[in-house]
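Please read them beside the sequence and the model.

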Amino acid sequence: MKGSRLVPNCKRRHLSKLFSFFQSHRTLHTATVTDYLQVTSDDLENERKGIDFNALFKSCTKLQQVKCAHTLVVVSGRFKDNFLSSKIVNLYSQHGDVSLAWWTFHHLPNKDVYTWNSMAFAYVSHGRFREALGCFNQFFSTSGLRPDFYTFPPVVKACGDLLDGKKIHCLVLKLGFEWDVFVAASLVHMYSRFGLVGDARKLFDDMPARDRGSWNAMISGYCQNGNAAEALDIADEMRLEGVKMDAITVASVLPVCAQVGDILSGKLIHLYVIKHGLEFELFVSNALINMYAKFGSLGHAQKVFGQMVVRDIVSWNSIIAAYEQNNNPVSAHLFFHKMQEARVQPDLLTLVSLASIVAQLNDHQNSRSVHGFVMRKGWFMEYIIIGNAVVDMYAKIGNLDSARAVFGGLLIKDVVSWNTLITGYAQNGLASEAIEVYLLMGEHEEIIPNQGTWVSILPAYSHVGALQQGMRIHGQVIKNCLYSDVFVGTCLIDMYGKCGKLDDAISLFYQVPRKNSVPWNAMISCYGVHGDGEKALELFREMRAERVKPDHITFVSLLSACSHSGLVSDAQWCFNMMEEEYRITPSLKHYGCMIDLFGRAGELEMAFNFIKNMPIQPDASAWGALLNACRIHGNIELGKHASERLFEVDSENVGYYVLLSNIYANVGKWEGVDDVRSLARDRGLRKNPGWSSIILNNKVDVFYTGNQTHPKCEEIYRELRDLTSKIKTIGYVPDFCFVLQDVEEDEKEHILMGHSERLAIAYGIISTSPKTPIRIFKNLRVCGDCHTVTEFLSIITEREIIVRDSSRFHHFKGGTCSCGDYW
DNA sequence: TTAGGGTTAG
């Protein structure tokens with residue numbers, strides 16, 4: 001290397017490294033320095049005298065050319081100068097290369113306090129807290145020097161736990177540095193960081209002098225502990241003492257306004273920001289974007305973002321997350337593109353948002369790209385958050401195999417990882433897999449279940465009707481003092497309701513906070529499932545009396561409850577109120593409920609007119625509801641029309657073919673049944689995996705249709721054959737229109753016999769003592785033939801049989817069912 | 001010459 005020839009006194013190895021850096025900086029300034037050194041190469045000793053070292057060094061530092069400055073120090077032989085070397089350490093700590101900072105520091109023979117402080121600070125500013133503390137300990141035990149005011153603040157910041165913090169605090173007291181405003185502020189912050197905000201406040205109150213930094217430390221202490229009221233109070237106190245808020249104060253307080261939903265304070269602070277010219281501060285703008293995003297005020301968030309002169313990765317992440325978290329993945333994705341156009345490199349949090357965007361868009365192709373990008377970056381190894389986000393992404397797009405694979409590959413799993421997978425299975429209707437993962441999680445003692453766990457597992461248990469297991473979770477919830485949590489409470493209400501324990505659901509409902517619509521919706525839905533529309537309406541009136549604002553889900557539950565109970569005029573009252581009073585635009589689900597309501601009540605013309613007048617395109621559920629009504633009331637013509645429209649929008653759902661075939665069969669039009677069968681066969685039926693579950697001795701047994709893998713399979717089928725021949729003697733005739741396969745009658749009977757609820761009922765009969773009631777849970781709706789069979793079974797076995805299907809409870813007793821539906 | 005307090009998270 002040229003450089004090493006220039007300065008024979010310097011260590012060749014170090015110089016070559018430095019000069020390669022030096023040469024890579026091809027700025028005008030470095031070129032000047034290089035030329036200057038070249039000229040002096042012939043007789044360094046003589047020429048050295050002529051170099052205006054100080055001027056060059058100053059220019060280098062001013063232009064942040066730290067490597068040039070470093071080279072200058074080394075080639076001029078001044079690297080043993082504490083002042084200069086410490087300056088280099090500081091420069092490196094500002095400009096990225098902490099290892100070069102250490103190298104400079106390490107080769108200084110006689111380090112002074114300033115040098116040690118600089119090195120510790122370099123580590124702290126790079127987040128390498130353990131090394132910073134190590135540096136301090138070494139300084140304290142080996143240097144024999146006395147720390148100064150500058151020593152403590154970075155070291156206090158580096159403390160990883162309360163014990164470290166207290167040790168440093170003792171040392172501060174022992175050496176008498178506690179009244180320095182910087183030292184005191186860092187201690188205040190340290191105590192708040194470890195949750196001891198009271199101790200922090202005591203230190204703050206004892207301070208003889210406070211500057212803005214001290215106030216900021218105390219305010220941020222409250223903010224980070226979620227004490228919003230105290231934070232806002234003390235900000236007020238600060239104002240009264242004549243200390244103005246700066247960018248740091250504002251950036252600390254804004255997230256708290258968002259946290260506690262105090263939009264008024266947030267907006268007042270925004271006004272303050274504008275008035276005091278803080279709106280172009282990066283941290284302030286970023287905090288404003290985040291606050292507005294949490295309030296759902298995307299227009300304001302975008303306005304702040306648009307007015308920013310300088311944006312960093314946090315600004316981009318914030319605006320992307322703003323749209324992503326307010327369910328606007330398209331705009332979020334657009335901002336991601338703009339970020340790429342601006343050549344800003346995405347970081348971990350960008351990818352966390354992107355994973356969610358991809359999931360919301362159900363974009364299978366890009367889900368792979370996100371996964372690949374994260375893998376190439378090696379982030380899975382280090383950060384749980386992104387691993388969990390990818391698991392969640394796959395689960396949300398229904399790719400549970402990939403979700404499971406990514407989950408399995410995570411080196412570290414936390415409770416969120418487990419919750420994510422459980423929720424993924426549960427929300428994709430795979431309740432037994434969700435339960436399996438939950439039980440597996442129980443084998444890992446280090447994973448402590450939390451609110452998210454209960455909220456993910458309870459719907460799975462209620463889905464399969466596992467009352468005992470659900471009750472056990474209720475016990476754990478009480479033990480963990482989460483019984484007043486509105487989300488856990490709502491899941492418990494739902495679980496008791498869906499497991500047939502309506503009374504328990506109600507008493508729990510009156511124990512949880514009922515300020516928002518969530519628990520009300522669950523309870524209204526419970527009444528609906530149990531066929532009690534009147535009670536659902538009564539509860540809705542109570543909700544209005546308590547001034548709780550209903551949402552779109554409230555009305556879906558309510559309308560569906562009315563439709564099953566035939567409460568036509570009440571439903572119309574609700575439907576009108578939804579738009580007129582609550583300004584909720586009806587969605588397809590609401591329209592579907594209304595069509596179902598008119599249809600069940602026999603008002604087929606009204607239902608048909610309602611569809612024709614819909615302001616949005618009717619979907620399969622709308623036509624499906626009409627088709628079902630046609631089946632109930634035997635209207636072939638309208639049924640045919642409905643099915644034609646239906647098959648235009650969804651030609652794959654096997655259930656609709658069954659409905660149509662049933663319409664023809666009910667009026668003896670067997671050629672129509674045959675037509676539907678061949679139509680279904682030609683189009684290739686999508687098989688709906690139907691299952692039923694039964695719980696015996698705290699164990700859930702799940703039966704799939706046609707399932708032959710159960711250990712007691714033979715006994716079950718034998719019992720079913722016996723029972724079928726018995727019920728035939730008292731009038732049962734199999735209804736083959738529920739079988740769409742074009743096979744012989746024997747085979748059709750066998751297919752019907754394999755329906756999952758029959759397997760579950762037969763298993764219940766052979767496994768329990770006579771006359772014990774049997775409870776079955778089922779994911780789809782009970783087919784008409786199974787309904788008839790169960791009515792007969794309730795006669796010959798003298799048992800109550802309770803079947804909860806996807807929409808309601810059927811209580812069979814003495815040959816009749818409580819559901820009131822026409823089969 | 002060096003220090004404290006600040007924005008995004010599954």
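1. Confidence. Chain A of this predicted model has a mean pLDDT of 86, where pLDDT is the predictor's confidence in each residue, from 0 to 100. Of the residues in chain A, 93% reach 70 or more.

2. Conventions. Residues are numbered from 1 along each chain as its sequence is written, and chains are lettered from A and ligands numbered from 1 in the order in which they are written. Local features need pLDDT of at least 70, side-chain atom pairs count only at pLDDT 80 or more, and totals for chains, interfaces and linings use all residues, while side-chain values use heavy atoms, with hydrogens and water left out.

3. Cysteines. With a disulfide taken as a pair of cysteine sulfur atoms within 2.5 Å, the count is zero. For cysteine 135, the nearest cysteine sulfur belongs to cysteine 159, 14 Å away. Cysteine 257 is in no disulfide either; its nearest cysteine sulfur, that of cysteine 223, lies 8.2 Å away. Cysteine 135 is buried, at a relative accessible area of 6%, and cysteine 257 is buried at 0%. Buried means under 20% relative accessible area, exposed over 50%, and partly exposed in between (1.4 Å probe, protein chains only).

4. Helices 37 and 38. Helices (H or I, at least four residues) are DSSP runs numbered from the N terminus. The axes of helix 37 (residues 568-580) and helix 38 (residues 588-600) come within 10 Å and cross at roughly 160 degrees. Axes are lines fitted to C-alpha atoms over the stretch in contact, and angles run from 0 to 180 degrees between N-to-C directions. Helix 37 is therefore roughly antiparallel to helix 38, a term for angles over 145 degrees. Their crossing is left-handed, meaning that the near helix is turned anticlockwise from the far one by less than a right angle. Among the residues that meet are Phe575 and Met578 in helix 37 and Tyr591 and Met594 in helix 38.

5. Helices 39 and 40. Helix 39 (residues 604-612) and helix 40 (residues 620-633) have axes that come within 11 Å and cross at roughly 165 degrees. These two helices are therefore roughly antiparallel to each other. Helix 39 passes helix 40 in a left-handed crossing. The contact includes Leu604 and Phe608 of helix 39, and Trp623 and Cys630 of helix 40.

Note on methods. Angles under 35 degrees count as roughly parallel, over 145 as roughly antiparallel, 65 to 115 as roughly perpendicular and the rest as oblique. Contact means heavy atoms within 4.5 Å.
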